[in-house]
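Hello,

Here is the structure I promised to pass on to you. Have a look at it first, and then read my notes below.

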Amino acid sequence: MPRKLLLPYKSVFSHFRAPRGLHDALAMNAARSGYRVFSANSTAASTELAKRITERLGAELGKSVVYQETNGETRVEIKESVRGQDIFIIQTIPRDVNTAVMELLIMAYALKTSCARNIIGVIPYFPYSKQSKMRKRGSIVCKLLASMLAKAGLTHIITMDLHQKEIQGFFSFPVDNLRASPFLLQYIQEEIPDYRNAVIVAKSPDAAKRAQSYAERLRLGLAVIHGEAQCTEQDMEDGRHSPPMVKNATVHPGLELPLMMAKEKPPITVVGDVGGRIAIIVDDIIDDVESFVAAAEILKERGAYKIFVMATHGLLSADAPRLIEESSIDEVVVTNTVPHEVQKLQCPKIKTVDISLILSEAIRRIHNGESMAYLFRNITVDDTW
């Protein structure tokens with residue numbers, strides 16, 4: 001009988017759930033020890049993760065008021081002294097992304113002007129992470145946001161599964177890019193009874209690296225769907241194609257550049273055997289689900305008898321719950337980096353994995369000046385997941 005793989009973060013962190021009788025005392029100790037935890041969200045649904053983290057830390061949320069004026073402006077009021085303390089701002093990103101960004105910026109600046117010693121942003125899902133490359137005459141919005149956060153007063157960021165790990169280079173201060181995959185791997189082992197008969201699937205060649213990482217850790221096979229109809233990020237034009245070609249443009253005499261051949265996608269194929277197997281599609285973000293639904297249909301045609309989708313950030317925008325419910329997907333598993341309780345009510349196929357454990361441990365280690373290496377063990381340089 002094959003041995004069950006041991007996964008990190010399960011037993012070592014268990015001591016952070018304090019007994020109920022000690023919560024008040026630990027909260028007082030947290031204040032005296034020089035750190036406070038605030039939530040920058042103005043909506044109750046978005047503060048759920050912050051409450052889970054503070055419960056694990058045995059602390060209370062800092063006293064603050066975040067609300068929208070009648071004219072739409074964001075107002076933040078800090079209701080206690082933060083002078084000389086380490087402040088952790090937990091900001092989950094709901095559907096109204098721009099309001100959440102302004103809440104974070106204004107709270108960080110309010111804490112800076114209140115003489116906080118360090119201001120650490122805990123942003124599990126970093127917004128605008130897909131806009132990290134130049135597109136035509138657009139802009140690298142992710143770099144702009146990084147500069148705004150630094151200007152507002154942040155000195156450190158804790159985030160999870162950045163869309164591109166190179167985004168860390170946009171910041172002028174430290175960034176800890178945590179991984180959710182240990183929790184998703186644990187879910188596969190504990191909640192999918194016959195997971196040994198599964199195959200990890202990348203829905204496009206771009207996602208093959210991440211899928212390979214999952215497959216190697218679970219000792220499972222790998223399949224890649226190739227020839228998708230939608231454009232990938234690599235197919236989009238970037239700033240190097242600007243300015244565009246002009247008809248009847250004057251060409252310098254004697255200058256003959258080789259013509260770039262146009263791309264032609266091959267018919268959709270599945271590289272790898274999924275017949276009679278459980279197919280587990282893995283990715284970092286699931287937002288518009290059309291590509292996942294299309295991949296599930298292809299896998300079903302190729303003989304997969306169960307289809308799971310695993311992703312860190314469940315944005316699930318627009319009609320995602322309805323499309324998932326009507327599709328061949330059996331289950332969509334995401335973490336609680338983004339609030340999605342409304343979507344779960346609309347679609348019972350959506351399941352949630354709690355990652356507050358690793359975020360609370362990261363907060364504790366950063367405040368105490370301890371090494372973060374334990375949270376990144378068994379992660380190699382080549383790992384992009």
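**How the helices and the sheet pack**

Helix H2 passes helix H10 in a right-handed crossing. Please keep in mind that this is a predicted model.

Let me stay with this pair for a moment. H2 covers residues 48-57, and H10 covers residues 356-368. The two helices pack at an angle of about 60°, with their axes 9 Å apart. That angle makes H2 oblique to H10. On the H2 side, the residues that take part are Leu49, Arg52, Ile53, Arg56 and Leu57. They meet Ser356, Leu357, Leu359, Ser360, Ile363 and Arg364 in H10. Sorted by class, this contact has six nonpolar, two polar and three charged residues.

Now try a second pair. Helix H4 (residues 141-152) packs with H3 at an angle of about 25°, and their axes are 8 Å apart. Why do H3 and H4 count as roughly parallel to each other? Angles under 35 degrees are given that name, and the angle here is about 25°, so H3 and H4 are roughly parallel. From H3, the contact is made by Val101, Leu104, Leu105, Ala108, Tyr109 and Lys112. From H4 come Leu145, Met148, Leu149, Lys151 and Ala152. The residues of this contact divide into nine nonpolar, no polar and two charged.

Next, the sheet. Five strands form an open sheet, in the order E1-E4-E5-E6-E7, and the pairing is parallel. Which strands are at the edges? They are E1 (35-39) and E7 (175-178), each of which pairs on one side only. From one strand to the next, the twist averages 15°.

If you zoom in on E6 (residues 156-160), you will find four bridges joining this strand to E7, and the two run parallel. In this part of the sheet, methionine 160 stands opposite leucine 178 in E7.

Finally, two of the helices above also meet the sheet. H10 packs on it, touching E1, E4, E5, E6 and E7, and its direction makes about 160° with that of E6. H3 (residues 97-113) lies across E1, E4 (86-90) and E5 (118-123), and runs at about 170° to E4.

Enjoy exploring, and write back with any questions!

Best wishes

Note on methods
Residues numbered from 1 in each chain as written. Predicted model: local features only at pLDDT ≥ 70, side-chain atom pairs only at ≥ 80, totals over all residues. Heavy atoms only, no water. Pairing = 2+ DSSP bridges. Axes fitted to C-alpha atoms, helices over the stretch in contact; angles between N-to-C directions. Contact = heavy atoms within 4.5 Å. Parallel < 35°, antiparallel > 145°, perpendicular 65-115°, else oblique. Left-handed = near helix turned anticlockwise from the far one by under 90°. Nonpolar A, V, L, I, M, F, W, Y, C, P; charged D, E, K, R; others polar.
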